[in-house]
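Please have the sequence and the model open side by side.

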Amino acid sequence: MKTNIIKLFGFGLAASLALTACSDEFLEDKQNYDYTGPEIYNDYEGALQRVNDIYERCLPTVNADMSYRYTSSGSNDEAGKSTEEYSGFSKFVDGTQNPLTIATNNAPDLFFGSANNIRENTYGHIRNINETIAGIEGGTLSDDEKNELLGQCYFFRAWRYYNLVKFYGGVPIVTEVQDPVEGIENPRNTTKECIEFILDDLDKAAKMLADKSMTGTLGSMEWGRVTTGTALALRGRVLLLWASPLFNRANDQTRWTNAYTQMKAELDSINACGYGLYQDAGNVNGSAFAKMFTVRGLNSEAVFVTLYNNGEDQNSDLVRNSNWERYIRPANTSGSGKNASAMLIDMFPMADGKRPATANTYTKLSASSYTYDSEHPFMNRDPRFYRTFAFPGFRWAYSGNATLQENQPNSPSYNNGQDYELWNYVWYNSEEDRDNPRAESEVEYGADNLLGSNGHSGVYVRKRSDDLDVNSSPLYAGFDATEDNGGFAHSAAPFMEIRYAEVLLNLAEAACGAGQLSEAVGYLQQIRARAGYTADNNYGLDANLASDQAACMSAILYERQIEFAYEGKRFDDLRRWLLYDGGAHFNEIEGAPSTWTLTGWGGNTCDWLGFAQLNGQRRENMVFRVNNNHNDGLGGTTYGTDPFDPSERCAAVDLRQEDLTSQLETLKNWYDQYLVRKLKKGDDRNQNQQDLYINFLPRYYLLGIPRGAQSNMKEVLQTIGWDDYNNGAANGTFDPLAE
């Protein structure tokens, strides 16, 4: 096998793979092939079905909250609500009110799963992978066939372990097929051993998959399978995790240099697999940024992707629907809507690429020359802003008649959705509610049948939407009269777990950490260029980034936050960089050794970066209510009882039009006449209605083994700082930082 073409250690190939078509045929063929005999591995199709079953168990999904099995995919789950993206306390940031403990069994289980179900258990997944590896290796397939299949298995074993290590540090490494019988013990390995194991599996995967994925022989019908590029991209993520402050408290420069050297050497091989920043010749107001999320076929951006289909037979094992579109669309289009927090809206870059002057989160980065107008947050923003959020007065087209949906006869059709406009301004039924800054969503009444709690989304999450104006061939199957089976429920929109933009930003971060600042800035410029910035103003970047490491790293983290908003990446970044408290309080963890103290980055990553720590802050939401000039901002509780006539609305902003500025000015003037911004409750309050604030405890950076896993894996030591369920709730003794 031609493994020397992979540029793992400085040797490379400048080749390309044409991406021309697509298929999720292999996805539709995933079935339960447990309990098969060894003879299945002597037949390529039989062995392939075993590998397909691994995909079924291990691929990320948008249809579930973060768990032991799935990563966060951008929803308002326990991860999303721990970031600036959503309000509403998760378990992680509610430390004062409800601290997580193993004894009370309220700590999220991101480790184990169901003990008695091999398909719903982390080590059941790993056992299945190990069994498949052993079966293929012992079978009679040709070497090429074995390598093709084994490479995929090694990738997913690494993927399962990566998702354990990023939360727990060292975990038991199991490479043999073990039956659940008494007497088997698998103690925790060190974090370093786990990192090396993951990297080795990914190295194997990259080499074994090279002949198909780097030579143009990976057929379009196999789109969605992992490739050499997928394995190397995940290697980069793992190397970056190991170099980050979470595991690198002393800022050991050899880790950064190693990460940078390997990631840079491997970039050519990732590119050779056909990956690159998605581009679209008709880019208007960030339409290329929006369109890449709707490409179901071969997509250069999609390095690690989960495919879906729009099958409608919910009783069929072949149906794989994505619910993201339904999650984010307003209720009057048959969706449920996701409410973006005011915190992220207020800190998104301005049109010149700089932070708003009122946003003090990244103080080492220059403030914008544009004045931020909090009453009109949509004015003069980064092009990605308009593809990330949806405000009252913006066009958001789709294809379908929402009035056919159950309980939606009064919803506006807007020409069967093709001319849909979002008008979710609100009013109140009493002066008390109108003037109460703590009013709940249930007392607000939204326009266009967004009544009561349905109108809560003052600003909707628009990111990753299948916008009809961007994608004229929607990926969702039609609307009908039943809410469960209509609307956007049957969508084939793919989910990209690793995008090529992350490959570049991972490398930029490693380059910055290794002192290669100019190179890091170059990768940032590539991301900014795709977003719509030009060299005329240095792509909106500060001029000192190539000479100031802290400012450069801050710019990279800011760019990650914006580029990957609502894609499930922010929680990991906040933890990697200890951004809840700067990592200044590890000495408060019971039993923490001195090696846990952060000595790199001046002892506080937030101070070093100029980042305002999240602890002590709270996230609110915003709505735009009818101002007091129109029936005192009061209206009725039923459809059609707006305080003013809908015919008085201005033209909605149409992102298809080149001239965005004049449209935004028109909407701004309309807001001035009719609406006013109102902050409303986001994060929780106590029983006395006093505001509560983010409080992520230091021990949450590295989690404790949950009770279920401890009960079934008694030899697995508990993490320092967490109560040991097997030892009378005594403090744990396992040190995730010990090598």
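Buried means under 20% relative accessible area, exposed means over 50%, and partly exposed covers what lies in between, with a 1.4 Å probe and protein chains only. Helices (H or I, at least four residues) and strands (E, at least two) are DSSP runs, numbered from the N terminus. In soluble globular proteins, nonpolar side chains tend to be buried together.

Before going further, a word on what you are looking at. This is a predicted model, in which local features need pLDDT of at least 70 and side-chain atom pairs count only at pLDDT 80 or more, while totals for chains, interfaces and linings use all residues. Residues are numbered from 1 along each chain as its sequence is written, and side-chain values use heavy atoms, with hydrogens and water left out.

Now find F156 in the model. Leaving aside residues up to four places away in sequence, F156 touches I54, Y55, C58, L59, I129, V226 and F304, where contact means heavy atoms within 4.5 Å.

Next, turn to helix α2 (residues 44-58), where A47 lies. A47 counts as buried because its relative accessibility is 0%. Again not counting residues up to four places away in sequence, A47 touches I40, Y41, I136, L141 and L149. G135 is 88 residues from A47 in sequence, yet their C-alpha atoms are 8.3 Å apart in space.

Helix α15 (residues 549-563) holds I556, another buried residue, since its relative accessibility is 0%. With residues up to four places away in sequence set aside, I556 touches L505, A508, E509, C512, A520 and L524.

Most residues other than glycine have a negative phi. N285, in the loop between α8 (253-272) and α9 (287-291), has a positive phi near 50°. N380, in the loop between α11 (342-347) and β2 (389-390), also has a positive phi, near 60°. Are these two residues buried or exposed, or something in between? N285 counts as buried because its relative accessibility is 18%, whereas N380, at 28%, counts as partly exposed.

Finally, step back to see the whole chain. The protein has 19 helices and twelve strands. Its radius of gyration, taken over C-alpha atoms, is 26 Å, close to the 27 Å that the globule rule gives for 739 residues, so the protein is as compact as a globular protein of that length; the rule is 2.2 Å times the number of residues to the power 0.38. Of the 739 residues, 63% count as buried. Among contacts with a separation of 6 or more, 74% come from residues 24 or more positions apart.
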